[in-house]
Amino acid sequence: LTFAWIFNEYPYSVQQDSRRFISQETGSLYIAKVEPSDVGNYTCVVNNTVTKQKVLSSPTPLVLRSDGVMGEYEPKIEVHFPDSVPAAKESAVKLECFALGNPVPEISWRRTSGVPFPSKVKMKNSNAVLEIPNFQQEDAGTYECIAENRRGKNAARGRVSYHAKPQWLQTITDTAQSIEENLFWECKANGKPKPSYSWLKNGEQMMAEQSGSLTSLFG
């Protein structure tokens, strides 16, 4: 699914900038600092990228309060990525971070290890989204987004971990054995996290894990 918001009526849509952000994780619309030009009706549009179908919410009005004007305040991070983000090898990873505040906060990113971002890393939507294409093991680590204005700053961080599905290093092959001979079969695989092993005979589990190998007597 992808999300967009209509402002008042189609085809006028909310344009994302440093002040306005649409989360593609939750579909929510955030406005860091409301201005008179934001007054109107807002409609959420949910798009299914496979079927190309759209679903629209009912319009929701935004009105200005008449009981005063909010003064300046430090950034308050409203959107941030989880404390732990599993990422598969060669996948595209997107981390979101957006803050409310007056003045409108500026968003920046860093790795807590101090290692600079490789050139493949991109920041979009006024730095509210950090994209890591073709994720590899060296991209794993703790990422931090910092929201800052002249009233102060706040930060959010989380660890992006590397996952790779098991790949065979050594497999078993068809074997002919005589009665009462010993049979030793060994399988080896790598992956992240470390793979576990089980053995099946004719589709039914034979025994518990045993260091990735099976030694058995067929008779």
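The model is predicted, so local features need pLDDT of at least 70 and side-chain atom pairs count only at pLDDT 80 or more, while totals for chains, interfaces and linings use all residues. Residues are numbered from 1 along each chain as its sequence is written, and side-chain values use heavy atoms, with hydrogens and water left out.

Next, select cysteine 44, which is also buried, at 13% relative accessible area.

Now colour the annotated ranges. The unreviewed UniProt entry carries the annotation "domain: Ig-like" for residues 1-57, 75-161 and 166-219; positions are given in the numbering used here, feature names are shortened, and such annotations may be inferred rather than shown by experiment. Residues 1-57 are 0% helix and 40% strand, with end C-alpha atoms 15 Å apart. Residues 75-161 are 0% helix and 61% strand, and here the end C-alpha atoms are 28 Å apart. Helices (H or I, at least four residues) and strands (E, at least two) are DSSP runs, numbered from the N terminus.

Within the model, display the open sheet of 4 strands in the order S7-S9-S12-S11, paired in the antiparallel sense. Two strands pair if DSSP finds at least two bridges between them. Strands S7 (73-80) and S11 (122-124) are at the edges, each with a single partner strand, so one side of each has no neighbour in the sheet. On average, neighbouring strands of this sheet are turned by 25° against each other, direction ignored; the axes are lines fitted to C-alpha atoms, for helices over the stretch in contact, and angles run from 0 to 180 degrees between N-to-C directions.

Zoom in on S11 and S12 (residues 129-132), an antiparallel pair with 3 bridges. Select lysine 122 there: its bridge partner in S12 is glutamate 131.

Finally, select cysteine 97 and cysteine 145. A disulfide, with 1.9 Å from S to S, joins these two residues; the term denotes a pair of cysteine sulfur atoms within 2.5 Å. The whole structure contains 1 disulfide. The link of cysteine 97 and cysteine 145 is right-handed, with 55° about the S-S bond. Cysteine 97 belongs to strand S9 (residues 93-102) and cysteine 145 to strand S13 (residues 141-149), so the pair ties together parts that are 48 residues apart in sequence. Cysteine 97 is buried, at 0% relative accessible area, and cysteine 145 is buried at 0% relative accessibility.

Terms used: Buried < 20%, exposed > 50% of the residue type's maximum accessible area, 1.4 Å probe, protein only.
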